[in-house]
Amino acid sequence: MTTILPLSEMDGEVPVNRIVLGDCVEAMNRLPEGSIDTIFADPPYNLQLGGDLFRPDNSKVDAVDDAWDKFDNLASYDDFTKQWLTAARRALKDDGTLWVIGSYHNIFRVGALLQDLGFWILNDILWVKNNPMPNFRGKRFTNAHETMIWAAKSQKSKYTFNYESMKALNDDLQMRSDWHLPICNGGERLRNGAGTKAHPTQKPEALLYRVIMASTRPGDIVLDPFFGTGTTGAVAKKLGRKFIGIEREQSYATVAKTRILQATECNPESIARAVPKKKTEIRIPFGSVLEHGLLSPGAVLYDSKRRVSAMVDAGGNLISNTLFGDHTGSIHKVGALVQNLPSCNGWTYWHIETDDGLKPIDVLRQQIRETLPA
């Protein structure tokens, strides 16, 4: 159960699935060194607003003008950034990664300090906002994106990247570094009792879904040192990951706690299957099944309920005739076509007839792997 833990009560253990109330630098320094798998940081942007912002109809924009986003000068912001990045690096495992999001106000300074401290930048991701706030004054381009830096603890880190999961999320195409997602709005936007925003910079869950799915595995610990209203914690819970939130404002921590308690966890089996293990297994093409004599040309494959069938040709392709048309291609392509889906894992979709009933053709691939040297 999610609880709020005062910083003074941290005892050197890892406060999994808890919100630590207090300063993020001190809290991270109290964690066991090398205990965190991934960090997602949404630090103050130091927006340096020069006064109130108004729309053309003279209504005031609810901009970020809170005390936590104000610094005396760039040097003080750099000092703050260096402190929390140093504490974050200490808490990360050697193979851990850090995500940090920002705007043109701060992200370039953060990136330089990351490199100075020894982090190894893997990607910069553009979160392109489908529905950005317009530029009311008309004196600049509309600011329609934010930048995320994804960095490993060092150049030698053996970091996690779930390439296949990202590809599946993107209709079986490689996930690019420009992510087109809407800003947090509508029913997702949390509000306080007065009906105003509970937090001015609440991030959409879709953004954290990609971050966590890309760089963590089930059971990993995701730390958010600027927890706010708990988007990271809510998504981590839904995806079967553990989280630690650090937040110094009691009001935000209270909102986050309620939100996370209401979040629903996914089915454990669906979470485990969402992270393929292809990187650690030898790739076996379907044609090898024919070459090893485990299937013969003309063999018939079925889906798990025998609603669809396909014949294997001598070249390792499938031929399927359905009411919706004739399909020819790889086990993956035909599997997707007969289901009218963008992608399909043919190894688990297609089955063969055995004495014990239908078995996925993946058992044939495993037989081949067992004959290969370790």
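**Stop 1: α2 and α3**

Start with helices α2 and α3, which are oblique to each other; by angle, under 35 degrees counts as roughly parallel, over 145 as roughly antiparallel, 65 to 115 as roughly perpendicular, and the rest as oblique. This is a predicted model, in which local features need pLDDT of at least 70 and side-chain atom pairs count only at pLDDT 80 or more, while totals for chains, interfaces and linings use all residues. Residues are numbered from 1 along each chain as its sequence is written, and side-chain values use heavy atoms, with hydrogens and water left out.

To find the pair, select residues 74–91 for α2 and 107–116 for α3; their axes come within 10 Å and cross at roughly 45 degrees. Helices (H or I, at least four residues) and strands (E, at least two) are DSSP runs, numbered from the N terminus. Axes are lines fitted to C-alpha atoms, for helices over the stretch in contact, with angles running from 0 to 180 degrees between N-to-C directions.

Now show side chains. On α2, pick L74, Y77, D78, T81, K82 and L85; they meet R109, V110, L113 and L114 of α3, where contact means heavy atoms within 4.5 Å. The residues of this contact divide into 6 nonpolar, 1 polar and 3 charged. Here Ala, Val, Leu, Ile, Met, Phe, Trp, Tyr, Cys and Pro count as nonpolar, Asp, Glu, Lys and Arg as charged, and the others, Gly among them, as polar.

**Stop 2: the largest core**

Next, select V20, M28, I36, W84, L98, L114 and L223, the residues with the most contacts inside the largest nonpolar core, which has 34 residues. Such a core is a set of buried Ala, Val, Leu, Ile, Met, Phe, Trp, Tyr and Cys residues joined through side-chain atoms within 4.5 Å. Buried means under 20% relative accessible area, exposed over 50%, and partly exposed in between (1.4 Å probe, protein chains only). Among the elements that each supply at least two residues of this core are α1 (24–30), β3 (36–41), β4 (92–102) and β6 (145–152). Which helix gives the most to this core? That is α2, with 7 residues.

Centre the view on L98. Not counting residues up to four places away in sequence, L98 touches I39, W84, L85, L92, L114, F119, I149, W150 and A151.

**Stop 3: W150**

Is W150 buried or exposed? At 4% relative accessibility, W150 is buried. Draw a distance between the C-alpha atoms of W150 and W99: the two residues are 51 apart in sequence and 4.6 Å apart in space. Contacts of W150, leaving aside neighbours within four places in sequence, include W120, Y159, F161 and S215. W99 itself belongs to a second, separate core of 32 residues that also includes A234, A236 and A253.

**Stop 4: α6 and α5**

Those alanines lead on to α6. Select residues 231–238: this helix is mostly covered, with 7 of its 8 residues buried. The buried ones are T231, T232, G233, A234, V235, A236 and K237. What covers them includes β3, α5, β8, β9 and α7 (250–262). After α6 comes G240, whose phi is positive, near 75 degrees.

E205, L208, Y209 and I212 of α5 meet T231, T232, A234, V235, A236 and K238 of α6. By class, this contact has 6 nonpolar, 2 polar and 2 charged residues.

**Stop 5: Q202**

Step back into the loop between β7 (178–181) and α5 (205–215), where Q202 sits. Q202 is buried, with a relative accessible area of 5%. Select its partners C184, E188, R189, L190, T229, T231 and R259, a list that leaves out residues up to four places away in sequence.

**Stop 6**

Select residues 331–339, helix α10, where I331, V334, G335, A336 and V338 are buried. Just after α10, N340 takes a positive phi of about 55 degrees.

Finish at L364 in helix α12 (residues 362–370). L364 is buried, with a relative accessible area of 5%. Beyond residues up to four places away in sequence, L364 touches V289, L294, L295 and I352.

**Zoom out**

The protein's secondary structure comes to 12 helices and 15 strands. Of its 374 residues, 43% are buried.
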